[in-house]
Amino acid sequence: MTTEKLEHVERNIEKTPKRIPQRPLRPETYSWNLGIIELVAILLGLLYLVPFYYVVANSFKSMAEIFTNTSALPNEWLTSNYTEAWEAMNYGRVFLNSLLITVGANAVIVIFTSMAAWKLVRTKHWVSTMIFFLFVAAMVIPFQSIMIPLVKVSSILGLLNSHWGLIVMYLGFGSGISVFLYHGFMKSIPEEIEEAAIIDGCSTWGVFWRIVFPLLKPITVTIVILNSLWIWNDFLLPSLVLRDVELRTIPLATFYFFGQYTKQWDLALAGLVLGIVPLLVFFFGMQKHIIKGITSGSIK
């Protein structure tokens with residue numbers, strides 16, 4: 001290499017701005033604040049779990065022990081409470097009833113509200129805006145204000161004392177929040193995807209079911225979880241609609257442990273635990289999809 005080239009290289013090196021080495025972040029400077037936040041989160045979590053502790057712990061006690069010391073652990077863990085509650089509730093039957101109503105209501109809510117929200121988003125007209133506001137307004141109407149008209153209309157239409165009639169009512173009451181959530185999520189889906197599918201010869205039904213609906217999986221999981229928690233634990237609406245003992249759900253079956261003069265707390269608490277367990281299994285089974293839905297929504 002000649003002297004001129006060496007001088008040229010040296011001048012370029014001198015002109016190149018030197019990077020100031022950054023000091024590495026020391027984890028110990030942040031550990032104290034992070035530790036306090038984690039401690040507060042743990043304490044709040046334990047506070048939230050206190051009612052569950054009372055339910056589970058007292059479900060294994062006798063009536064006398066429940067009234068003697070409610071907060072302590074059982075002296076003798078009585079599993080007989082669960083067997084008696086299972087038989088008294090006819091748990092197998094009421095579990096199938098609750099499962100049928102929850103799954104059926106979720107299915108019709110997801111199908112109809114997703115299609116309705118898609119049509120409202122893609123139709124640029126003031127009528128679609130008004131219809132959307134009507135769905136939103138239905139969310140703030142208290143259920144107690146329409147109980148009596150609901151029972152009268154349901155009796156005329158033959159919806160009383162029927163699982164399918166109850167599912168139709170859940171479709172009406174769950175449409176507001178479901179359309180609202182679908183409507184907001186669907187705005188993030190570009191219309192060019194649907195236009196490309198139409199150019200390729202896809203029909204309107206094909207565009208929705210093959211293109212749009214698979215993209216709605218994150219919000220669909222959220223809607224199913226919210227509706228499942230509501231429908232599975234609902235007591236008031238099934239108590240108005242279902243009159244036959246063979247049609248009752250888990251909350252209705254648990255209610256029969258609380259009489260006018262006596263309350264079977266030992267069996268009632270065991271029945272409450274039996275009603276909670278399926279929801280816990282469902283939640284932990286859907287946990288992967290919940291996390292995936294959150295991350296997918298953040299990326300969008």
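**View A. The buried arginine R248 in the predicted model.** In this predicted model, R248 is buried but takes part in no salt bridge. The nearest side chain of opposite charge, E246, lies 7.5 Å away. R248 belongs to the loop between α12 (236–241) and α13 (250–255). Leaving aside residues up to four places away in sequence, R248 touches A88, M89, V94, N97, L242, A253 and Y256.

**View B. The salt bridge between R93 and E246.** The closest N and O atoms of R93 and E246 are 3.8 Å apart. This pair links distant parts of the chain, 153 residues apart, with R93 in helix α5 and E246 in the loop between α12 and α13. R93 is partly exposed, at 38% relative accessibility, and E246 is partly exposed at 41%.

**View C. The salt bridge between R122 and E194.** The two side chains meet at 2.8 Å, N to O. R122 lies in helix α5 and E194 in helix α9 (residues 191–199), so the pair ties together parts 72 residues apart in sequence. E194 is buried, with 7% relative accessibility.

**View D. The salt bridge between E191 and K124.** Here the closest N and O atoms are 4.0 Å apart. E191 lies in helix α9, whereas K124 lies in the loop between α5 and α6 (126–138). K124 counts as exposed at 63% relative accessibility, and E191 as partly exposed at 34%.

**View E. A nonpolar surface patch.** The patch covers about 1,000 Å² and includes W32, I36, Y53, Y54 and W77. W77 sits in the loop between α3 (63–68) and α4 (80–89) and is partly exposed, with a relative accessible area of 48%.

How values were computed. Residues numbered from 1 in each chain as written. Predicted model: local features only at pLDDT ≥ 70, side-chain atom pairs only at ≥ 80, totals over all residues. Heavy atoms only, no water. Patch = residues over 30% accessible without salt bridge, like charges linked within 9 Å, V, L, I, M, F, W, Y side chains within 5 Å. Areas by Shrake-Rupley, 256 points an atom, 1.4 Å probe, with all protein chains shown as cover. Helix = DSSP H or I, 4+ residues; strand = E, 2+ residues; numbered from the N terminus. Buried < 20%, exposed > 50% of the residue type's maximum accessible area, 1.4 Å probe, protein only. Lys, Arg positive; Asp, Glu negative; His and termini not counted. Contact = heavy atoms within 4.5 Å.
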